[in-house]
Amino acid sequence: MERGNQTGVGNFLLLGFTEELDLQPFFFGLFLSMYLVMFTGNLLIILAICSDSHLHTPMYFFLANLSSADICFTSTTVPKMLLNIQTQSKTITYAGCLSQIFFFIVFGCLDNLLLTVMAYDRFVAICHPLHYTVIMNPQLCGLLVLGSWCISVTGSLLETLTLLRLSFCTNMEIPHFFCDLPEVLKLACSDILINNIVVYFVTIVLGVFPLSGTLFSYSEIFSSILRISSARGKYKAFSTCGSHLLVVSLFYGTGLGVYLSSAVTSFSKMSLMASVMYTIVTPMLNPFIYSLRNRDMKGALGRLLSRVVPFSIRSLMSSWGHNNEDEKS
């Protein structure tokens, strides 16, 4: 293949899901609907937590940050995909592709680290309940979130900046709906050994270590739950972490499925669908998982909506009254 230099890199082509024009409106409507549900659901979670003083606890503080990260994570890829479908264009600029890779890794790593922090919070709450308020103080909670941000940005910078040294071939087609780092590296004509080393290093530090921390926290949680004598006590203890455990399973299950399958086989439609689960479906489901079985969250959402909906109705009636007065005058 013909080589290009770094400064002369043109646009990449995101091949997306299908070449058939008849299916484009279907995919546009489907992913627009999923994106709006994801955005609205996570935004409601954030607003409910911020507006209800009963939810100003470490667990809900971390949940609000997770919802913010989910919104940003999905917004990194889906709006561009929807724009490409609507305009019948598959192009993304070199700078746009690097930016998408950077923010995708930042918010993906942030999701990962926040899930680990939330697992630690549940570990302290169940295994050390008498010391919970002392250990999970506001200063520590703020440091854990700030540290997650700093580590995520640092890891993303390492992976993104090493791309700047690469030259790319004339074939700039990415068989994906966003600039996925492994797929972009396959298009490089120059040596990618350093890039692969950085990717493996960041994956171990920001993937394997947090996962190990989450698994350790839950192993201690299950050990503590099994030592509880009453069935009611076991159920109550497990219900406090059941939602988080389901979210963790979805996040790691879909994420590991994507990258393990792509490492074993060439990119396929199945791995593309798994990427949709990882980048869109899981963030969309998180608000439902955390709210449906949580009385405090359902109560806060109900109070929030009871304030918002009457206000909207009053505003609409007031606007309608002003219009009628203008027509009479």
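The following dialogue goes through some labels used for this predicted model and the values behind them.

Trainee: Why is F27 called buried?

Mentor: Buried means under 20% relative accessible area. F27 has 15% relative accessibility, so F27 counts as buried. F31 is buried as well.

Trainee: What makes F27 and F31 a stacked pair?

Mentor: Ring centres must lie within 6.5 Å to pair, and planes under 30 degrees apart count as stacked. The rings of F27 and F31 are 6.1 Å apart, centre to centre, with 10° between the planes.

Trainee: Where do F27 and F31 lie?

Mentor: Both are in helix 1, residues 24–51, and four residues separate them, about one turn of the helix.

Trainee: Why is the pair of F26 and F27 called edge-to-face?

Mentor: Planes over 60 degrees apart get that name. For F26 and F27 the angle is 65° and the centres are 5.5 Å apart, so the pair is edge-to-face.

Trainee: How many aromatic pairs are there by this rule?

Mentor: The count is 20. There is also an aromatic cluster, formed by F73, F104, F177, F178, F251, Y252 and Y278.

Trainee: Which residues does V37 contact, leaving aside neighbours within four places in sequence?

Mentor: V37 is in contact with M284 and F288. V37 and M284 are 247 residues apart in sequence, while their C-alpha atoms are 6.5 Å apart in space.

Trainee: Why is L44 put in the partly exposed class?

Mentor: The relative accessible area of L44 is 28%, which lies between the 20% and 50% cut-offs, so L44 is partly exposed. L44 is in helix 1. Leaving aside neighbours within four places in sequence, the contacts of L44 are L301, L304 and L305. In sequence L44 and L304 are 260 residues apart, and in space 8.4 Å, C-alpha to C-alpha.

Trainee: How do you know that N286 is buried?

Mentor: N286 has 5% relative accessibility, and the limit is under 20%, so N286 counts as buried. N286 is found in helix 10, residues 269–292.

Trainee: What makes the pair of N286 and D70 a polar contact?

Mentor: The N or O atoms must be within 3.5 Å, and one must be able to donate a hydrogen that the other can accept. The side chains of N286 and D70 are joined by a polar contact of 2.8 Å, within that limit. N286 also touches V247.

Trainee: Why is N195 called buried?

Mentor: At 1% relative accessibility N195 is under the 20% limit, so N195 counts as buried. N195 lies in helix 8, residues 193–226. The side chains of N195 and R165 make a polar contact of 2.7 Å. Leaving aside neighbours within four places in sequence, the residues in contact with N195 include T162, L163 and L185.

Trainee: How do helix 4 and helix 6 cross?

Mentor: The axes of helix 4, residues 94–127, and helix 6, residues 138–161, come within 8 Å and cross at roughly 145°. The crossing is right-handed. By class, the contact has 17 nonpolar, four polar and one charged residues.

Definitions and conventions
Residues numbered from 1 in each chain as written. Predicted model: local features only at pLDDT ≥ 70, side-chain atom pairs only at ≥ 80, totals over all residues. Heavy atoms only, no water. Axes fitted to C-alpha atoms, helices over the stretch in contact; angles between N-to-C directions. Helix = DSSP H or I, 4+ residues; strand = E, 2+ residues; numbered from the N terminus. Left-handed = near helix turned anticlockwise from the far one by under 90°. Nonpolar A, V, L, I, M, F, W, Y, C, P; charged D, E, K, R; others polar. Phe/Tyr/Trp six-rings, centres within 6.5 Å; stacked < 30°, edge-to-face > 60°. Buried < 20%, exposed > 50% of the residue type's maximum accessible area, 1.4 Å probe, protein only. Contact = heavy atoms within 4.5 Å.
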